[in-house]
Amino acid sequence: MSDTANKALLPTGLRDVLPPDAALEAVAVNRLLGVFAAHGYDRVKPPLIEFEESLLDGVGAVTTKDTFRVMDPLSQRMMGVRADMTIQVARIATTRMVRHPRPLRLCYAGQVLRVKGSQLRPERQFTQAGIELIGADTPVADAEVIGMVIRALDAVGVRDVSVDLMLPPLVPAMCDALQLSPEARRTLRDALDQKDAAAVKAMGGDVAGVFGVLLGCIGEAEEVLSRLQAMDLPAAAAQRRDTLAEVIALVREEHPAATLTIDPVEYRGFEYHTGVSFSVFSRGVSGELGRGGRYRAGEAQERAVGATLSVDAVTEAMEPLSSGPRVLLSVKDRLLAGRYQTDGWVTLNALQDPQDFAAEARRLGCSHYSVGGDLHAINDKQG
Amino acid sequence: MSLDPLVIALPKGRILDEAMPLVRAAGIEPEPAFDDPKSRQLTFATNHPHIRIIRVRSFDVATFVAFGAAHLGVCGNDVLMEFGYPEIYAPLDLGIGPCRLAVAEPVALSDSDDPTSWSHIRVATKYPEVTKRHFAARGVQAECIKLNGAMELAPSLGLCRRIVDLVSTGSTLKANGLVEIEHIADVTSRLIVNRAALKTRPTEMNGWIASFAEAVKQKA
């Protein structure tokens, strides 16, 4: 028994995508993957659902709370519906494609499902498209992936892209150097997550001093870098900073005009990343367009770097599609459809010849109709 | 500097009077209607052509900023704790509107009450999330009754025996025969920034944060 009176009601966070949005999304996916493919990223297609323990392994652990689970009646084991595709592609790379030469470049696109949407994106199902570069550990590899994201977004016409770079292992390395207790780390983590300068200051001592300065280091990349370089960081943290500087210089070389920012204390959602990571934003879109970074793939802990774009957010930043003009073809003229299409028309076949071609064409959203091989424009009121 | 529109959300009421000198010291002067209590306007132009100020409830300041409808705002960390919005950064303590979030109960009850024995309590509050989290951390299940004001009435009318509310001087509690039994958090107002705005317009946003920081320092 259901209290759902209306058949159109969908569960929270799920929706039907209608024209022209569905077409726009397909175009976005195709163009993004086109850019990836052109740079030698080969497409893979993992299943929608797989065993829970492989799905939630490694970097997949961040999706634990987001994953729908079902019991597999055949194997009697728990399965998870993917909430993110990165971990699946990492699994493919380190198992079935383990003999393929490194660096291995893979790309993918598909639907993911989440138990709960985020605050800004309440959708529970959405499309991801991304790349993984496996078996490389150089700043050049990091810069390639960041550059690919900028390039791909440019190809779909997203403007004013800005990439926010971060170093998830930086704060833990500095906590180690200060020998902070687990409890102090947790308090610090919460404060840094909210960029709560007052709470950091309240911790007092070296912690307040060092992290107070770090909190002020959020902004335009080169400016923040010079400030980070002026700081006396512990050796492990200093090494991270120098890698970041190298990556930024490489990205700059390729994309001199890109907006790059640094946020050295950002951490949420990047808990399992092991090096330079990033979020991608665009002015005018309220949330992230995508994110990525360096991690370890599979049981072999292979070095990897990847990026995932949320296609729903990307389409929000895209211009609407402009489809070609539409022409209504009489039953006889349906044989000319191919010729019209070659000339850039979208053709609609009349299923029976109407009395008034102009009225019928207008009703179906066509600007022209074709009878006896002749093209006629309908006289719209706006001319 | 970018000429993209910038929206600042300010809370109505008590905090506004304390916040305005800082807003002005940071170089933002709203149109005269802003200070007219009879004005029913909701958005106000400023001396910067691209900056507008909106005046909303404190909880709504956080919501506007979280969703990027406003870029900057002023709100208490009580509200930030309640929502836990990941899209809000609170980079600056403005040091205004100091008070605390506390648990209170009737004086008569507090004489015999032993909080360590609680396993479940019923609480009237405007902050159900903070309350649940606070008590869960102590192993106590809190059943919250959400009220939007006048929490102090709840115990006397038998709605529940305990409340979680903001306390500044404690005189309202006292007038209603209540006593503060547990401190949850200290509260002050913060300058808050939308995450995406800080990342996509870093120079501009950092500029405003610096201006407000300077204003706070001047005041101190």
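Helices (H or I, at least four residues) and strands (E, at least two) are DSSP runs, numbered from the N terminus. The structure described here is a predicted model, in which local features need pLDDT of at least 70 and side-chain atom pairs count only at pLDDT 80 or more, whereas totals for chains, interfaces and linings use all residues. Residues are numbered from 1 along each chain as its sequence is written, chains are lettered from A and ligands numbered from 1 in the order in which they are written, and side-chain values use heavy atoms, with hydrogens and water left out.

The description begins with the interface. With contact taken as heavy atoms within 4.5 Å, 25 residues of chain A touch 23 residues of chain B. The two chains bury about 2000 Å² between them, 50% of it on carbon and sulfur atoms; buried area is the accessible area (1.4 Å probe) that two parts lose on being put together, summed over both. In chain A, the residues that lose the most area to chain B are A:Gln119, A:Gln194 and A:Arg283, which together account for 32% of what that side buries.

A salt bridge is a side-chain nitrogen of Lys or Arg within 4 Å of a carboxyl oxygen of Asp or Glu; by this rule, 7 salt bridges cross the interface of chain A and chain B. One of them pairs A:Asp263 with B:Lys199, the closest N and O atoms being 2.8 Å apart. On the side of chain A that touches chain B, strand E7 (161-166), helix H7 (197-202), strand E8 (219-220) and strand E10 (277-282) each give two or more residues. The largest share, 3 residues, comes from E10(A).

Attention now turns to the pockets. A pocket is an open set of points on a 1 Å grid over the protein atoms alone, where a 1.4 Å probe fits and protein lies on both sides within 12 Å along at least five of seven lines; lining residues have an atom within 4 Å of a point. The largest pocket holds about 1800 Å³ of space, a volume being the space filled by probe spheres set on the points, which are joined across faces, edges and corners. Among its 47 lining residues, A:Asp66, A:Arg114, A:Ser118, A:Gly269 and A:Arg291 are the closest to its centre. Helix H3 (86-94), strand E6 (125-134), strand E11 (290-297) and strand E12 (302-310) of chain A each supply at least two residues of this lining.

The second largest pocket contains about 1500 Å³ of space. Of its 46 lining residues, A:Ala191, A:Lys195, A:Asp196, A:Ala197 and A:Ala199 are the closest to its centre.
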